Amino acid sequence: APTSFYEAVQLLWLAHEATTAEQVCGSLSFGRLDQYLYPFYQKDREDGVLSREEAEEIIQALWIKISGLQRGFQNVTLGGMDMNGKDQCNDLTMMCLEASRLVHTDQPSIALRVHPGMPDEVWEEAMRVLQTGIGFPALFNDPVIIPTRERMGASTQEAYNYGIVGCVEP
């Protein structure tokens, strides 16, 4: 089990490599990367063993690795809200958006879960990424998608924890 942010990212990449080695790559989703990596990031920051700049470099390196996969459509889902309507954007949300703008490749594609309580800084960075012309982030409206998923039979927890696969499939 990973004990640090770096190890968690390495495990994520190892699992991705194993998956793509087993099959011809198509549409794969990393899911809500900013949510499941955040506890590792937060602990390392609190322990003083990781700077924000080091974390940014790790995320940018991951983006470069993902972009090297040919004939693949890798998706990362960012942001969203929890079951109480609380915004779930965090430092990694911003780092992932920034990495997309700075690395400027067509992968991973970015799905940004939006809602009325999303911070202005996230909206602003999303607009900067869109202005690059790379075609994302794609915007997914939590107040519409979550109740729709529940009506389709997803549990409340599953509905609030949705991710995007392929281009636009919640």
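Arg32 sits in the loop that joins strand 1 (27-31) to helix 2 (33-36), where helices (H or I, at least four residues) and strands (E, at least two) are DSSP runs numbered from the N terminus. The model is predicted, with local features needing pLDDT of at least 70 and side-chain atom pairs counting only at pLDDT 80 or more, while totals for chains, interfaces and linings use all residues. Residues are numbered from 1 along each chain as its sequence is written, and side-chain values use heavy atoms, with hydrogens and water left out.

What surrounds Arg32, leaving aside its neighbours within four places in sequence? Its contacts (heavy atoms within 4.5 Å) are Thr77, Gly79, Gly80, Gln88, Arg113, Tyr160, Asn161 and Tyr162. With the side chain of Asn161, the side chain of Arg32 makes a polar contact at 2.9 Å, and a polar atom of the Arg32 side chain lies 3.4 Å from the backbone oxygen of Tyr160.

Helix 5 (residues 91-103) has 13 residues and spans 18 Å from its first C-alpha to its last, close to the 18 Å expected at 1.5 Å a residue. Ten of these 13 residues are buried, so helix 5 is largely enclosed by the rest of the structure; buried means under 20% relative accessible area, with exposed over 50% and partly exposed in between (1.4 Å probe, protein chains only). Among the buried residues are Leu92, Cys96 and Val103.

How values were computed: A polar contact is a pair of N or O atoms within 3.5 Å; within protein, one must be able to donate a hydrogen and the other to accept it, and residues adjacent in sequence count only if both atoms are side-chain atoms. The expected span of a helix is 1.5 Å times one less than its number of residues.
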